[in-house]
Amino acid sequence: MKRAALLAAAVLLAGGLSAPVLAQNTKAPEGARLYIIWPNDGAVINGGKFWLRMGLENMGVVPATIPQEGAGHHHVLINTDLPPADEPIPNDRNHLHFGGGQTEARIELPRGRHTLQLVLADHDHYMFDPPLVSEKITIIVP
């Protein structure tokens, strides 16, 4: 028994188990709501530069480095769907992280139609359970 426990600990320390097996999605408080304050769905953004304003009810916003119950940080999904719930949110041009606790951000997009959606994540960049996501909106850059 002791040997099996030591072996299991060694496997964990060596990273032998994949992240989804170890991932624990933090419970979201009841009544929490995430939404985009601005821009509005269907907005035309001349020049492609705008301030994205992010709204959150019944939860707090903290930097990504601070694990705090009832709080998280914003991510903006651009032209993509939600990532798998059992994986951390990627950090790339379609998944913008606002780990400093920002509630607004200057965004610049090229010409075209774009979708935007907010996701709130815990300090490890995992979505909450249930996921806290905004409605997906479309904006146009002429």
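Predicted model: local features only at pLDDT ≥ 70, side-chain atom pairs only at ≥ 80, totals over all residues.
Reader: What makes H74 count as buried or exposed?
Author: The word buried applies under 20% relative accessible area. H74 has a relative accessible area of 0%, so H74 is called buried.

Reader: Where is H74, and which residues does H74 touch?
Author: H74 has its place in strand β4, residues 71–78. Leaving aside residues up to four places away in sequence, the residues H74 touches include L34, M54, L56, V61, F98 and V119. To be a contact, heavy atoms must lie within 4.5 Å, so each of these residues has heavy atoms within that distance of H74.

Reader: How many residues of the chain are buried?
Author: Buried residues account for 36% of the 142 residues in the chain.

Reader: Why are β1 and β2 called paired strands?
Author: Two strands pair if there are at least two bridges between them. β1 and β2 have 5 bridges, so they are a pair, and the sense is antiparallel. Strand β2 covers residues 49–57, and W38 stands opposite R53 in β2.

Reader: What makes β1 and β6 edge strands?
Author: Picture an open sheet of 3 strands in the order β1-β2-β6, with antiparallel pairing. β1 (33–38) and β6 (104–108) each pair on one side only, and they are the edge strands. From one strand to the next, the twist averages 30°.

Reader: How do you know that β7 and β8 pair?
Author: Again, at least two bridges are needed. Here 3 bridges join β7 (residues 112–121) to β8 (residues 127–133), so these antiparallel strands pass the test. A121 stands opposite M127 in β8. The two strands form a hairpin with 5 residues between them, and H125 in the turn has a positive phi of about 70°.

Reader: What elements does the chain have, and in which order do they run?
Author: The chain has 2 helices and 9 strands. Starting from the N terminus, the order is α-α-β-β-β-β-β-β-β-β-β.

Key:
Residues numbered from 1 in each chain as written. Heavy atoms only, no water. Helix = DSSP H or I, 4+ residues; strand = E, 2+ residues; numbered from the N terminus. Buried < 20%, exposed > 50% of the residue type's maximum accessible area, 1.4 Å probe, protein only. Axes fitted to C-alpha atoms, helices over the stretch in contact; angles between N-to-C directions.
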